[in-house]
Every structure is written in structure tokens, then in C-alpha cells.
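Please walk through the model below, from helix packing to the chain as a whole.

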Amino acid sequence: MHGVKRLRLTPQAAETKRLKELSKIESYLAIEQDVLSRKRVKDYSDEALGRTTRLLDLNPEFYTIWNYRRTILLSLFPSLSPEDITSHLISDLRLTTSYLLVHPKVYWIWNHRKWCLESVPHGPGESQKWREDFWKGELKLIEKMLEADARNFHAWDYRRYVLSSLPLARPKTEELKYTQTKIEANFSNFSAWHCRTKVLSAIWAERNATPEEVKKAKDKEFELVTQALWTDPGDQSGWLYHRWLVGQEPPLDTLRREIRNIQDLHEAEPESKWCVNALAHYTLLLARHPSTGEDEAMRLRGEAKRLFTILEKVDPHRRARHRDMAAQCT
Amino acid sequence: MASSSSVVPKLNIPLHVKYIQNLDKKQDLAYHLTSHLRLNGIYWGLTALCIMGQHSALDREGVIEYTISCWDEEAGTFGPHPGHDGHILATLSAIQIMVIEDALDRVDIERVTKFLHSLINPDGAVSGDQWGESDTRFSYILLQSLALLGKLDTLSPETRENITQNIKGCMNFDGGFGTTPGAESHSGQVWVCTAALSILDREDLIDKDLLGAWLSERQLPNGGLNGRPEKLEDVCYSWWCAASLSIIGRLHWIDRDKLIAFILGAQDLEDGGIADRPGDWVDVFHTVFGVAGLSLLGYPGLQDIDPVYCMPAGLIASLGLRKPYITLPRLSSYPPPS
């Protein structure tokens with residue numbers, strides 16, 4: 001049970017609640033028993049399908065019933081026209097939409113949706129129109145779900161799945177635009193930042209981007225993330241994204257520029273442990289850079305060590321980590 | 001926070017034992033609506049009892065009989081409740097229960113092994129059942145199930161490698177892991193992936209400093225841990241994060257006393273059980289992961305828990321399945337002497 005406040009009931013109130021629930025329990029158990037016994041005798045009729053809807057209305061987490069429902073549909077489909085199959089699938093998608101709005105984190109409902117989409121027949125006629133229409137409609141639903149909860153990882157996973165399954169692939173730059181909208185609505189939406197790391201990597205791989213092209217694209221990203229960092233330097237999301245942009249082997253000028261920028265931010269926000277944390281890490285990266293001479297590297301490691309020692313004080317929950325990191329600086 | 005930490009309650013073991021023993025007695029609507037989690041619930045309750053040193057508080061024969069009654073003959077494995085379909089989630093719980101109760105001889109090990117093998121996809125992803133949904137949770141469950149059944153060697157080197165590469169493909173730049181390739185890092189998935197790689201003896205694939213830093217940043221000022229950046233704390237993440245940190249040898253990177261105080265504050269001290277956070281309704285899921293977290297952190301008077309399997313550590317060691325990990329030394333008293 002997540003996030004439901006505990007209430008103390010008086011014994012009388014508890015008894016009233018129990019009695020009120022009794023009839024609900026009774027009708028739930030009756031429908032459950034009916035559906036499970038139909039399942040046992042392999043009743044794949046329309047009537048059985050209707051009974052599964054009634055049970056799922058009461059308990060959309062009952063995955064065995066979703067399985068049974070699919071088994072019924074699969075047994076009905078061979079005798080149905082493609083139009084009738086499509087209309088069954090439309091009504092199942094409607095059903096799952098209504099459940100998802102109430103239970104946005106139930107795996108089994110999302111799974112049934114995938115099955116529906118994957119079961120759409122070709123048509124009408126020789127065309128692919130049904131499949132295209134079905135898949136396109138999905139993005140609208142996901143956007144609605146992500147408006148309700150911008151961090152729902154089920155919805156983000158499903159979005160990735162839908163985008164990779166669209167009969168007509170959408171340009172990846174569209175997804176870049178979408179994540180930008182989500183990020184600009186709330187810099188704290190790490191799910192959107194994460195998605196951006198994946199989309200950009202995919203775009204660069206697809207285009208066979210040269211290091212110069214990647215650098216240019218990253219410079220624009222640095223501008224975006226710098227806005228986020230200055231807006232709230234206490235938010236982890238932007239810092240994580242910044243770390244991804246810098247990567248393992250950044251160009252020297254990029255690394256130096258970013259260190260300077262964070263030093264500026266640190267001057268404006270001396271209390272921010274994230275500035276110190278980033279500076280410590282990037283200083284170590286600079287020490288390890290092939291163009292850095294041994295004396296300079298030693299000085300930089302000393303500087304990183306000093307920063308980790310500051311972190312030990314300003315970030316006491318993670319004191320041991322900072323101490324371990326400081327010990328690696330010699 | 002500083003003033004309340006001086007009045008942190010202790011772990012009320014007798015009350016939590018009673019809470020677990022009574023789980024079956026309160027047959028309200030919620031109880032019936034969660035029958036698809038019944039067998040998992042027994043594993044959670046039984047494991048919590050083992051950690052609290054009260055293994056025999058549940059009737060052994062009753063537990064075994066019930067587990068056997070969950071067998072799905074058609075699927076050739078266990079479902080979560082009689083009449084429910086077999087699934088990998090219920091399968092692991094059944095195996096864990098039978099191993100804890102030393103009753104594995106009453107399980108058709110060959111059929112369960114066959115079921116598990118049928119879930120491995122050519123790309124190394126693992127499905128939950130015949131309907132195909134795959135998730136790194138299932139990769140871990142498959143590996144732990146095979147390990148407990150003594151059947152890990154039935155995986156060919158190629159299959160092992162495919163499963164490993166699939167998990168590696170779910171790793172992100174922040175060192176964490178997601179549900180599937182491309183998905184955002186999430187502490188729950190981090191735990192299943194680090195534990196799976198540990199069972200595969202492939203912890204070398206994990207960047208321990210990077211992942212350890214990410215995990216340690218899950219701790220919030222109130223001491224609790226969250227599952228992803230900028231989300232709320234929750235007792236179950238005490239387990240997902242702390243067990244992962246333990247597997248990668250970085251458990252000392254979070255504030256032990258603050259986390260202990262947070263978990264203890266989420267107890268229901270009237271009716272027993274632990275909630276997701278202080279003041280919420282309790283359930284057996286948060287109860288086990290709360291006490292398991294406390295055990296890893298060295299809370300006094302608790303039995304050791306194995307962070308790779310979430311099973312009693314002594315039992316795992318006796319089966320020869322122990323992997324490397326570091327827990328915190330067991331305290332002799334709580335609050336710890338300052």
C-alpha cells in the first residue's frame with residue numbers, strides 16, 4: 001500500500017466498515033468463482049468474455065483473468081471478420097484506457113494494451129490503415145498519462161515501445177522536441193532528461209555524426225542544462241544530465257569551459273553541494289586528460305581532494321563516500 | 001528532525017510477528033482483491049519472520065500445503081493462488097518458501113526448470129510467462145530460481161552470455177539499470193540487475209563508484225531513500241538501495257543511523273507491521289523490506305539477510321550459493337552508543 005494515510009477507527013466504526021464490506025466481498029467472490037470455474041472448463045463464449053469484464057472492473061490487477069480474456073478472444077477471432085476483430089480490440093483498448101486512468105501503474109493493464117495493438121489485423125482490404133491508426137492513437141494516450149504524472153515510468157517505457165513499433169516510423173527529432181517540452185515545463189523531470197540522453201545518442205548513431213557534430217549539438221544541450229542548473233542548483237536532474245553531456249573523455253575546451261561555468265554558479269550559490277560535487281569530478285577528469293602534464297595532474301588531484309574534503313562537511317549523509325573518493329585522489 | 005531522532009522507537013518484534021501471523025485472519029475486501037500476490041505475501045511474511053528469528057511462527061505444514069496447492073498443472077509451475085495462472089513471479093516465491101521450509105523435495109524440479117527455460121528469449125531477455133512481457137526483474141528471478149533449484153548449470157554458456165548482455169544493455173550512463181534497454185534507472189531494477197550479475201559472477205560489468213554514488217544520492221534529508229532522482233522516500237527502497245550498495249561493497253556510503261530511524265518511524269506500534277513511510281497503512285511487503293533493510297544495516301538482535309537473494313544468509317551459505325557482499329557490523333544495542 002503506497003501513500004495511504006493510516007486512520008484509527010473506533011471499534012464501532014471498524015465494525016460498520018466491516019459490515020458494509022461484507023456484501024461487496026460476497027458479490028466479488030461470487031463473480032470470481034464464476035469466472036474461474038468457466039476458465040477451468042474452457043468456456044470461451046461471448047458470455048464468458050462479458051463476465052471477465054465484470055471481474056476486471058472490480059480488480060484490474062487480476063492477471064489470470066486478463067490471460068483468460070485473451071484466450072477467449074483468440075478462440076473467437078478465427079470465426080470473425082477483420083472488422084469484428086478490430087471492433088473487439090477497440091473496445092478492449094477503451095477498457096484498458098479507463099482502468100489506466102485510475103490505476104496508472106498496473107503492469108497487467110499495460111501488457112493487455114500491447115497485446116491488443118499487436119493483434120490488429122491488416123486492413124481495411126489490403127491497406128495497413130487500421131494498424132497505423134491504432135498505433136498513432138497510442139501517443140495521445142501516453143501524453144495524457146504523462147500529463148497526469150510526468151515521472152510514470154510505465155508510461156515512459158510504453159512510449160519507447162510504441163515509438164519503436166509504429167508502422168510508419170516518426171523522425172527521432174520529434175521525440176527530442178517532446179522531451180524539451182517536458183523539461184521546460186519542469187526542469188526536475190529527470191525521466192525526460194534521461195529520455196533525451198537516449199534519443200540524442202540514437203540520432204548521432206543514425207547520422208554517423210562526427211565528433212565535431214556531436215560537440216556542436218552538445219553545446220546547445222549545455223545551454224539548456226545550464227538554465228536548469230541556475231534555476232535550481234539543488235535539483236539532481238540537471239546535474240545528472242550535465243554529467244552525461246561531459247561524458248568520459250570530453251574535449252579539453254568543453255571541460256575547461258564547464259568547470260569555469262560551475263565555478264561561477266558556485267560563487268553565486270556557495271551552499272550548493274552539487275556544485276562542489278561536479279567540480280570535484282570534473283577536476284579529476286581534467287587531471288586524467290591526456291594533454292595534462294604530470295605536475296599539473298598532481299595539482300589537480302590535490303584540488304579534487306580538497307573539494308571532496310569540503311563535501312565530507314557539507315554533505316554528511318554521504319561522508320564515507322566523499323572520504324573514499326578523497327583517498328583515491330593521491 | 002534532530003529532536004524527533006531522540007525518541008525513535010525500537011523495532012517491536014513481538015508486534016510484527018503477531019501482525020504477520022494474523023495476516024490471514026483479516027479477510028477484508030483488500031485481502032480478496034490481492035489474491036494474485038498471496039504466495040509472494042507468504043514469502044515476504046516468512047522471510048520477515050526468519051530475520052526476526054521467529055521462523056516457526058507460521059505453521060510449516062500449512063505453508064507447504066498451500067504452496068503446493070498453487071501448482072498450475074497446465075503451465076508446469078506455480079501461480080500465486082489456487083486457480084491462478086503460473087507465472088515467474090509466483091514461481092520464485094514458491095521456490096523460496098520451499099527452500100526456507102526445507103521441502104524442495106515436494107516440488108517437481110524438472111518441470112519448473114523446463115518452465116523457466118521456456119521464458120528465455122533469443123536476445124537474452126526473460127519473459128514472465130507465455131504472454132511474453134519481459135523485464136530485468138524476470139532475468140533476476142530466473143537466475144535466482146535456477147540457483148535455488150541447483151539448476152544454474154542447465155544454462156548453456158551462450159544463454160548465460162545472452163542474459164548477461166541483455167542486462168548490460170539495460171545499464172545507463174548514471175550507472176543504474178532500467179526495466180528494459182532504454183529505460184530510466186530505478187532502484188528496484190538496480191537491485192535485480194546487480195543481484196543478477198552477482199549470481200552470474202559478472203559484477204565486473206558494474207561501475208561501482210558511479211552506481212554507488214547514484215544510490216547514495218537516493219538518501220533524503222529525512223533519512224529515507226527514494227527510487228529515482230527527485231522522488232519521494234519509501235521504506236521498500238531501503239531494501240532495493242541498501243541491498244545493491246551491499247552487493248557492490250558501498251553500504252557505508254549512506255547514513256546508517258538516519259535510515260534506521262526512518263524505517264523504525266514507519267512502524268505501526270499499535271497493530272504491528274511497517275508502512276511505506278511514517279503514518280501510512282502498513283503491509284507485509286514494506287514490513288519485510290523494512291526489517292531486511294534494518295538487518296543489512298546492523299540493527300541489533302536480527303538475523304543476517306543475504307542481499308543477493310533476500311533470503312536468510314545462513315541458509316544461502318549452507319546451500320553453497322553465497323556471493324561476495326559487505327553488510328554493516330551488527331550493533332550490540334540501539335540507539336548505538338555515540
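Which handedness does the crossing of H13(A) and H14(A) have? The crossing of H13(A) and H14(A) is left-handed, a term used if the near helix is turned anticlockwise from the far one by less than a right angle, with right-handed used if clockwise.

This is a predicted model, in which local features need pLDDT of at least 70 and side-chain atom pairs count only at pLDDT 80 or more, while totals for chains, interfaces and linings use all residues. Residues are numbered from 1 along each chain as its sequence is written, and chains are lettered from A and ligands numbered from 1 in the order in which they are written.

Two packed helices are described by the angle between their axes and the distance between the axes. Helix H13 of chain A covers residues 273–288 and helix H14 of chain A covers residues 294–314; their axes are 8 Å apart at an angle of about 160°. H13(A) is therefore roughly antiparallel to H14(A). Here axes are lines fitted to C-alpha atoms, for helices over the stretch in contact, and angles run from 0 to 180 degrees between N-to-C directions; angles under 35 degrees count as roughly parallel, over 145 as roughly antiparallel, 65 to 115 as roughly perpendicular and the rest as oblique. Among the residues that meet are A:Val276, A:Ala280 and A:Leu284 in H13(A), and A:Leu300, A:Ala304 and A:Leu311 in H14(A). Contact is assigned if two C-beta atoms, placed from the backbone, lie within 7 Å. By class, the contact of H13(A) with H14(A) has 14 nonpolar, 2 polar and 3 charged residues. Ala, Val, Leu, Ile, Met, Phe, Trp, Tyr, Cys and Pro count as nonpolar, Asp, Glu, Lys and Arg as charged, and the others, Gly among them, as polar.

With helix H8 (residues 136–149) of chain B, the axes come within 10 Å and cross at roughly 30°, which makes H6(B) roughly parallel to H8(B). That crossing is left-handed. The residues in contact include B:Leu92 and B:Ile95 of H6(B) and B:Ile141 and B:Leu148 of H8(B); the contact comprises 10 nonpolar, 4 polar and no charged residues. With helix H4 (residues 38–51) of chain B, the axis of H6(B) comes within 8 Å at a crossing of roughly 35°. The crossing of H4(B) and H6(B) is also left-handed.

Back in chain A, A:Val246 lies in helix H11 (residues 236–246). A:Val246 counts as buried because it has 20 C-beta neighbours inside 10 Å; the cut-offs are 20 or more other C-beta atoms within 10 Å for buried, 12 or fewer for exposed, and partly exposed in between. Not counting residues up to four places away in sequence, A:Val246 touches A:Leu255, A:Glu258 and A:Tyr282.

Over the whole of chain A, there are 15 helices and 0 strands, where helices (H or I, at least four residues) and strands (E, at least two) are DSSP runs numbered from the N terminus. Buried residues make up 32% of its 330 residues. The C-alpha atoms of chain A fill a box of roughly 80 × 65 × 30 Å along the principal axes.

The contact between the chains takes 39 residues from chain B and 40 residues from chain A. On the chain B side, the residues divide into 11 nonpolar, 13 polar and 15 charged.
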